[in-house]
Amino acid sequence: MHSQPVITAKGLTKRFGDVVAVDGIDFAIWRGECFGMLGPNGAGKTTTTRMISCVSPVSAGELRVNGVSVADHPRAIKASLGVVSQADSLDPDLNVIQNLVAYGRFFGLPKRRIESSARAVLELFQLGGRTKSRPDELSGGMRRRLLIARALLHEPEVLVLDEPTSGLDPQSRHLVWEKLFFLKDQGITILLTTHYMDEAAYLCDRLVVMDRGRILVEGSPRDLVEKHAGAQVVEVRPQRDEKPALLELVQSRGLEFEDLGNTVFVYGENGALLDGGDAVESHDVARRPGNLEDVFLRLTGRGLRDE
Amino acid sequence: MTVPGTILRDTIIWRGWKVWQRNRDAFVRGWKVEVAGIAFEPFVVLVAVGFGLGAYVEDFDGLTYPEFVAPGLLASYAMWHATFDSTFGAYLRMETHHIYEAVLFTPMEPEDIVFGEVIWAASRSILTSMAVLVAAVVLGLVDSPLAILAIPAAFLTGVAFGATAMILTATVTTIGAINNYFTMVLTPMFFFSGVFYPLDRLPEGLQQFAWAIPLTQATALIRGLTTGHLEWGMVLWTLGLVAYSLIALRIATFFMRRRLVK
């Protein structure tokens, strides 16, 4: 179904002094797909996108965009990418249209092409009426849309998005998703990092879950949920003193579970496996379909990563 | 505006020009504030120092004191304005507004940013030197049509100091370090570079030190142009400023790459 990968990594490694941020990962991103990188903070997602964007040299291993090593032709590779990083890097000294014009010049585009492209991307992202506004006059959602619009100005082959909807309200997130979905339909390749599971499930054809610089699993959202969470998850919230009995029951039946403290998640094809256990009867029990968040928590654990 | 011809395409000059255009657009948006800052101060200082202080100072080398001071101020303001933009201005663009980060995600590289920023800083030196020159002409302090060449000389001065400032910007982690550069480097230089008095009034050892300061060379060069007292040293000082600029650009590029690409 896919002809050739746009981006390939083999043994890709990034070290900052003694710290290994990316630890020998392999992946391939195919033309026209939306490829997701999920992981907690410090997993190495952003570092990986920065290496692809040629703003962070590779420490070891191989990284190619369209078959060209990032070390050899950074300018050419950067010309084929549209990057939206986490920083709000809109130019506060310029208005909306000037922001786009300046950016177009950096790509070496001629003036006329910049003007027509700018009109098109602003229309697409519903910013056509704000060309004269300064960035600080725009809402957070509009600024994010403008950042994505700016990254599309030169019609890149690959759109690289580092947490594109973090901090946005639900309306703005859905608008961004809708636009990204539209772009994917147009055939653009998208690389997306996120820690929103619904975002990954909605947009990504394929994704990897990363933690501590390594790739833990790779697959389509549906396959990953099926394999690592199951069709159904039972959430049990026991009375405080009854938790040991519950855990004992779960373990005695050989069920997979995750102890989250106040709540115990029991995974499996069939939540009925728990039925009939005395320990369960008196608890708060909820059954729901498995989702990516289950996959994520099971694979990466619950410890905070910000220390 | 585009660079004429295609010879320059895909050179550092062509790419630096894109950064220059970005800064010009930002400047034009706020031009009223900018122009006031550029034109007002040199005029006030020229009048106050030239005529106020000058009333108590004897003529030397056949020059009245205001005639002597005007070219020194022209060189100094070229230095101050280029330095302001390449320190506080550039640091703000880089650290607070993340503009360099955005630029690096395009085919531009750190050397293009440094070059464009320095050329822009030097362009501001042109503007301020024009303000001083107009004031000096109006006040009758210019004796030679060669004074028009003070404008390119101010540009060269701006490149030298802009590039030096970019070394600082690329290496400091706080804005306080930039303040120290002004109080501990530039201000002493300002008073030891022959702007306010002839250097031969200084003790022997200090004189040699003073001639190593780029502002001294810029001042001597521009003074020769506005007074029409030409000498061979002017060629030497020009070459000195060019060499200084090239070295500073190279160092600034090295540190900027180290800071931005990691």
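The contact between the two chains draws on 23 residues of chain A and 20 residues of chain B, where two residues touch if their C-beta atoms, placed from the backbone, lie within 7 Å. This is a predicted model, in which local features need pLDDT of at least 70 and side-chain atom pairs count only at pLDDT 80 or more, while totals for chains, interfaces and linings use all residues. Residues are numbered from 1 along each chain as its sequence is written, with chains lettered from A and ligands numbered from 1 in the order in which they are written.

On the side of chain B that touches chain A, helix 1 (12-29) and helix 4 (99-104) each put in at least two residues; helices (H or I, at least four residues) and strands (E, at least two) are DSSP runs, numbered from the N terminus. Helix 1 of chain B gives the largest share, six residues. By type, this side of chain B splits into nine nonpolar, seven charged and four polar residues (nonpolar: Ala, Val, Leu, Ile, Met, Phe, Trp, Tyr, Cys and Pro; charged: Asp, Glu, Lys and Arg; polar: the others, Gly among them).

Over in chain A, two loop residues have a positive phi without being glycine. A:Cys54, with phi near 65°, sits in the loop between helix 1 (45-52) and strand 4 (60-65). A:Cys54 is buried, with 25 other C-beta atoms within 10 Å (buried means 20 or more such atoms, exposed 12 or fewer, and partly exposed in between, with C-beta atoms placed from the backbone). A:Asn66, at a phi of about 55°, belongs to the loop between strand 4 and strand 5 (68-69) of chain A. A:Asn66 counts as partly exposed, because it has 16 C-beta neighbours inside 10 Å.
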